[in-house]
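Try each task before you read its solution.

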Amino acid sequence: MSDFIAAVGLVLVIEGLIYGGFPSLAKKLASEVLLVPENALRVAGLAAIAIGVGVVWIARG
């Protein structure tokens, strides 16, 4: 459980860096994501999940 909490904390740090350090870039990316088709977002999300699981598996192994 502590690994999960650490992972959530790292996600918050990364998002905070983007929004706090580069707010104009964050706004631009948020507006551009509306133009991407849902299927492309779904595939990208599933790929990110698979890569993330792989990275965690390798790091923990």
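The exercises below go from confidence to helices, salt bridges and the surface.

This is a predicted model, in which local features need pLDDT of at least 70 and side-chain atom pairs count only at pLDDT 80 or more, while totals for chains, interfaces and linings use all residues. Residues are numbered from 1 along each chain as its sequence is written, and side-chain values use heavy atoms, with hydrogens and water left out.

**Exercise 1. Find where confidence is lowest and where it is highest in the protein chain.**

Step 1: Recall that pLDDT is the predictor's confidence in each residue, from 0 to 100.
Step 2: Go helix by helix (helices are DSSP runs of H or I, at least four residues, numbered from the N terminus). Confidence is lowest in H1, with a mean of 92, and highest in H2, at 95.

**Exercise 2. Check the span of helix H3 (residues 38-60), then decide whether H3 lies in the open.**

Step 1: The expected span is 1.5 Å times one less than the number of residues.
Step 2: For the 23 residues of H3 this gives 33 Å, and the end C-alpha atoms are 33 Å apart, so the two agree.
Step 3: Count buried residues (buried is under 20% relative accessible area, exposed over 50%, partly exposed in between, with a 1.4 Å probe and protein chains only). The number buried in H3 is 0, so this helix lies largely in the open.

**Exercise 3. Locate the 2 salt bridges of the whole structure.**

Step 1: Look for a side-chain nitrogen of Lys or Arg within 4 Å of a carboxyl oxygen of Asp or Glu.
Step 2: Aspartate 3 is partly exposed at 45% relative accessibility, and arginine 60 is exposed at 60%.
Step 3: Lysine 28 also pairs with glutamate 32, the closest N and O atoms being 3.9 Å apart. Both lie in helix H2 (residues 23-33), 4 residues apart, about one turn of the helix.
Step 4: Lysine 28 is partly exposed at 48%, as is glutamate 32 at 36%.

**Exercise 4. Is leucine 12 buried or exposed?**

Step 1: Leucine 12 sits in helix H1 (residues 2-21).
Step 2: Its relative accessibility is 57%, so leucine 12 counts as exposed.

Terms used. Helices (H or I, at least four residues) and strands (E, at least two) are DSSP runs, numbered from the N terminus.
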